[in-house]
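Q: I am new to this structure and would like a close look at one part of it, the place where the two chains meet. Please start with some background on a single chain and then go through that part in order.

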2 protein chains.
Amino acid sequence: MINKEEITSWFKTLQENICSQIGTVDGRNFGRDEWIREKGGGGITRVLQNGEIIEKGGVAFSAVSGTLPENIKKALNISGSEFYATGVSCIMHPVSPMIPIIHMNVRYFETSGENGPGAKWFGGGIDLTPHYVNQEDAKVFHRTLQHVCDVHDKSYYPEFKKWADDYFYIPHRKETRGIGGIFFDKLVPNEKKSIEQLFEFVKSVGESFAPLYIHIINKNRNLNFNDQHKKWQLLRRGRYVEFNLVYDKGTKFGLETDGRTESILMSLPPKAQWLYDFVPEKLSLEEETLELLRKGIDWSGTV
Amino acid sequence: MINKEEITSWFKTLQENICSQIGTVDGRNFGRDEWIREKGGGGITRVLQNGEIIEKGGVAFSAVSGTLPENIKKALNISGSEFYATGVSCIMHPVSPMIPIIHMNVRYFETSGENGPGAKWFGGGIDLTPHYVNQEDAKVFHRTLQHVCDVHDKSYYPEFKKWADDYFYIPHRKETRGIGGIFFDKLVPNEKKSIEQLFEFVKSVGESFAPLYIHIINKNRNLNFNDQHKKWQLLRRGRYVEFNLVYDKGTKFGLETDGRTESILMSLPPKAQWLYDFVPEKLSLEEETLELLRKGIDWSGTV
């Protein structure tokens, strides 16, 4: 049976591969910070800033272990006290407002069982946040994710697409963060799916990220943009900050459990902007994008 | 006995006075948005953007009423269900990094009693967030607040100064938001202080704000600054965003109770920046400021 060492090692390689692929397209390499967690484990945070394509991008690997606080044990409804958590998180803020922001995460969590076997599960997802929604890109993006899912289980895409719509939502703005994607959590091995099968799915998600984003980059990298587009990009990045600091569970958990702040907050954009009560012009591309930031849109045209 | 109508009316006038005083110094007037709350009450939000001195500043008045949700009643430990809340909040993000960000709030809250009299209390505070700490300004700022407090009660300044240090703190950065000031909440009338006396104190706090900030503006408005200073300002504004979205109770409460988003988030800076793992140069003014962002500094030199 697959064990946490193999999963960890695969995640570490995934980080290397993503940095290498995105770094090649950008022309600039990701930096590398290794850090150790006092209470057990550590990580490698790789960040690229002021690249040709990527204004700020981060790919973080971590593998940490320790004792779960009582309140988290209760919230997770598990018995074991010793946990192990590993994952890769990545986020890219491009220079061009014509290229979308993207986020990907794959993670594995297990606890030692005190009475019987402990808990084990996978989680993850990919979601896209265009500054300007391009419906053709949205279709390719969602169809690719659907294909990635379908190979493993036909029920995954519809379920995880809805989960992403619900998760990446900003209630106080009544807007989704972007055009969604897939999101899943607590995929536990059971009679239908072995841990190996779940891991194969998670691997497919992780591996699909770089080629998919590179396709979107190449399709849009030569589009012109002006100050008006840049201003809108900074406003959309402001929404990204609002989502991450107010609602994102990973960010909240990291900050509350005294995680490495710079690794947690590498997801924040290089620059962002807030204007009071900004309303886009009627019939503008900005207004059109706002109207598409809602749940339940069938982007792939196949659900 | 003073009633909520008189308090509300005074708060409304305070908003007008602050906008008039700051607007005169800036040379540009605050805009004005009146809004109505579906469930009862409403407010006036006044914002100035792209001024000569103020890049983005807001002064918000609101007076809302309604029925308290059970969980909030419990959290506040009060019996009455019908509440009335009024206040003025203001925040200024200056153009120049040599002028500090400032925040002031005064508020009044009461509930109808079901058995016996309801709850009534005042809260408020003023705190300063310099991009570059100037110890002389810090001294004047704290001494002024101390004087404002001392006139009403000698115990106020030491207590409320400590409260501000504890409240305006960013745990994940291990930094205070700025150099603090005063913060107080749930000042209830009792045998020592009548509601009139408490109101007089709150009035003094509200009235001290504009002249104090204008003094600091005028002292620093002609200082030169360059791109390096601007960059640091945007980074410090990033911290301001982190505090407001992750920790500020007023912001959280507003967003959770479906308040008017644009009025709640008018406190966010016009532009902000996040760089991965930015560390200021040794012995720089930026490093010196960072070292002064901690609790327990006796800025007034008199505690």
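What radius of gyration does chain A have, and what would a compact globule with 303 residues have?

A: The model is predicted. Chain A has a radius of gyration of 19 Å, and a compact globule with 303 residues would have one near 19 Å, so the two agree. Along the principal axes, the C-alpha atoms of chain A fill a box of roughly 60 × 40 × 35 Å. The chain contains nine helices and 10 strands.

Now to the part where the chains meet. Chain A brings 31 residues to the contact, and chain B brings 31 residues. The area buried between them is about 2,800 Å², and carbon and sulfur atoms give 55% of that area. On the side of chain B, B:Glu262, B:Trp274 and B:Tyr276 supply 29% of the area that this chain buries against chain A, more than any other three residues.

Several elements of chain B each supply at least two residues to the side that touches chain A: strand S2 (41-49), helix H6 (227-247), helix H7 (249-256), helix H8 (261-264) and strand S10 (271-273). Of these, H6(B) gives the most, with five residues. By class, this side of chain B has 15 nonpolar, five polar and 11 charged residues.

The salt bridges between chain B and chain A number six. In a salt bridge between B:Asp277 and A:Arg260, the side chains meet at 3.8 Å, N to O. Over all chains, the whole structure has 46 salt bridges. One that lies within chain A joins the side chains of A:Asp166 and A:Lys162 at 2.8 Å, N to O. These two residues are four apart in helix H4 (residues 156-167) of chain A, and therefore about one helical turn separates them.

Strand pairing also links the two chains. Strand S10 (residues 271-273) of chain A is joined to S10(B) by three bridges, and the two strands run antiparallel. Within this pairing, A:Ala272 stands opposite B:Ala272.

Strand S2 of chain B, listed above among the elements that touch chain A, has a partner within its own chain. Strand S1 (residues 33-36) of chain B pairs with S2(B) in the antiparallel sense, over four bridges. In this pairing, B:Glu34 has B:Ile44 as its bridge partner. The hairpin of S1(B) and S2(B) has four residues between the strands, and B:Gly40 takes a positive phi near 135 degrees there.

Notes. Residues are numbered from 1 along each chain as its sequence is written. Chains are lettered from A and ligands numbered from 1 in the order in which they are written. This is a predicted model: local features need pLDDT of at least 70, side-chain atom pairs count only at pLDDT 80 or more; totals for chains, interfaces and linings use all residues. Side-chain values use heavy atoms; hydrogens and water are left out. Contact means heavy atoms within 4.5 Å. Buried area is the accessible area (1.4 Å probe) that two parts lose on being put together, summed over both. A salt bridge is a side-chain nitrogen of Lys or Arg within 4 Å of a carboxyl oxygen of Asp or Glu. Ala, Val, Leu, Ile, Met, Phe, Trp, Tyr, Cys and Pro count as nonpolar, Asp, Glu, Lys and Arg as charged, and the others, Gly among them, as polar. Two strands pair if DSSP finds at least two bridges between them. The radius of gyration is taken over C-alpha atoms; the globule rule is 2.2 Å times the number of residues to the power 0.38.
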